[in-house]
Amino acid sequence: MSVVEVIKSIIKPATVVLALVAFSSAAGAQQPSAAAIQTAKELTKVTGATALFTPLIPGVIGQARNLFLQQNPGLAKDLNEISVQMRADLAPRFDELTAEVARLYAIHFTEAELKDLLAFYKTPLGTKLIAEQPKIGEESLKFAQDWANQLSEQVIAKMRDELKKRGHAL
């Protein structure tokens, strides 16, 4: 599975969190305060907003490993050892991702809004939203895929009929 496929499979649960960031009104172009960033970091932990990035480092390492393996399968033992070491060495870099996500939240939301969001996600309803959102996202994607497949069949049939009406033999 490619890194992109892994990311796509994990992005589904975080759709609401990312949508909040993408569709919220910006809190302003100024740099967020340290307090806002700290609140945003806590918010990302509570919501699991950075969980979708967890497979990135192992995925990149795995892709590089597979690239070398395709060229020389005899490198498997060494590449496995190197991969394990690189995962450990690069694990601290995950903080770069989480810091950036927190910064983005702090840019798009005021400190007060971040505190309100954090308070909400700590309520029973907020906790339920965090738990149920991945299921809703997954079910929504499945429905959309099935719907698009049915629509595609209808469009193809309609185009075929229209082409036949115009004298094209299909």
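These legends describe close-up views of a predicted model. Local features need pLDDT of at least 70 and side-chain atom pairs count only at pLDDT 80 or more, while totals for chains, interfaces and linings use all residues. Residues are numbered from 1 along each chain as its sequence is written, and side-chain values use heavy atoms, with hydrogens and water left out.

**View A. A nonpolar surface patch that includes F143.** F143, W147, L151, V155 and M159 make a patch of about 530 Å². Patches take residues with over 30% relative accessible area and no salt bridge, with nonpolar side chains (Val, Leu, Ile, Met, Phe, Trp, Tyr) joined within 5 Å and like charges within 9 Å. A salt bridge is a side-chain nitrogen of Lys or Arg within 4 Å of a carboxyl oxygen of Asp or Glu. Areas come from the Shrake-Rupley method with a 1.4 Å probe, and for residues only the protein chains shown count as cover. F143 belongs to helix 8 (residues 124-165); helices are DSSP runs (H or I) of at least four residues, numbered from the N terminus. With a relative accessible area of 56%, F143 is exposed (exposed is over 50%, buried under 20%, partly exposed in between).

**View B. The aromatic pair Y105 and F109.** The whole structure has two aromatic pairs (ring centres of Phe, Tyr or Trp, its six-membered ring, within 6.5 Å; planes under 30 degrees apart are stacked, over 60 edge-to-face, the rest tilted). The ring centres of Y105 and F109 are 6.1 Å apart and their planes lie at 20°, so this pair is stacked. Both Y105 and F109 are buried.

**View C. The aromatic pair F120 and Y121.** Here the ring centres are 5.2 Å apart and the planes are at 65°, so F120 and Y121 are edge-to-face. F120 is partly exposed at 30% relative accessibility, whereas Y121 is buried at 5%.

Note on methods:
Helix = DSSP H or I, 4+ residues; strand = E, 2+ residues; numbered from the N terminus. Buried < 20%, exposed > 50% of the residue type's maximum accessible area, 1.4 Å probe, protein only.
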